[in-house]
Amino acid sequence: MAYRKTGPALALAALLSAGTATSSNAAVYLTRSGAADYTIILPEDATPGEQHAARELREHIRQICGIDLSQTTESGKLPADRHYISIGRTTLSREHVSDAELKDLGNDGYRVFGKNGNAFFVGGRVRGSLY
């Protein structure tokens, strides 16, 4: 299934082009001048599916842009000068998706959205964020 191989990168491109910026006039760049403007954030207790989703996204972005996005867990220092891509049930995602909403997604459901220039991929802990 070819669409599954390009899914993470296409979802991120659509998300960024749909206006995750802080204002309607602000541009959002995944990379700029050969450097990444984003860091991937995973929860401390990331599931195998969430870890795989992060690896897939990093690989697709590397192939498309030639940039290797940095990755950290929430206990790591979040770079103040970068936006982030939150994958899985991070503390950051809890600010925007309630536990009840997440439960309604089931094991395979997911939600992709942007907020203040940041991207969120959150879903069922089994496979949701991977899709």
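Predicted model: local features only at pLDDT ≥ 70, side-chain atom pairs only at ≥ 80, totals over all residues.
Thr72 is located in strand β4, which spans residues 70–73. When residues up to four places away in sequence are not counted, the contacts of Thr72 are with Thr39, Ile40, Ile41, Leu42 and Leu78.

The protein chain that holds this residue comprises four helices and seven strands. Read from the N terminus, the order of these elements is α-β-β-β-α-β-β-α-α-β-β. The protein chain has 131 residues, and 39% of them count as buried. Its accessible surface amounts to about 7,300 Å², with 50% belonging to carbon and sulfur atoms. Among contacts with a separation of 6 or more, 62% are between residues 24 or more positions apart.

The largest nonpolar core consists of 16 residues. Within this core, the residues with the most contacts are Leu30, Ile40, Leu57, Leu69, Ile85 and Ile87. At least two core residues come from each of β3 (38–42), α2 (48–65), β5 (83–87) and β7 (118–123). The greatest contribution is that of α2, which supplies four residues. Another core, of eight residues, lies apart from the largest one and includes Ile41, Leu92, Leu102 and Phe113.

Ile40, one of the contacts of Thr72, is listed among the residues with the most contacts inside the largest core. Ile41, also touched by Thr72, is one of the residues of the other core.

Terms used. Residues numbered from 1 in each chain as written. Heavy atoms only, no water. Contact = heavy atoms within 4.5 Å. Buried < 20%, exposed > 50% of the residue type's maximum accessible area, 1.4 Å probe, protein only. Areas by Shrake-Rupley, 256 points an atom, 1.4 Å probe, with all protein chains shown as cover. Core = buried A, V, L, I, M, F, W, Y, C linked by side-chain atoms within 4.5 Å.
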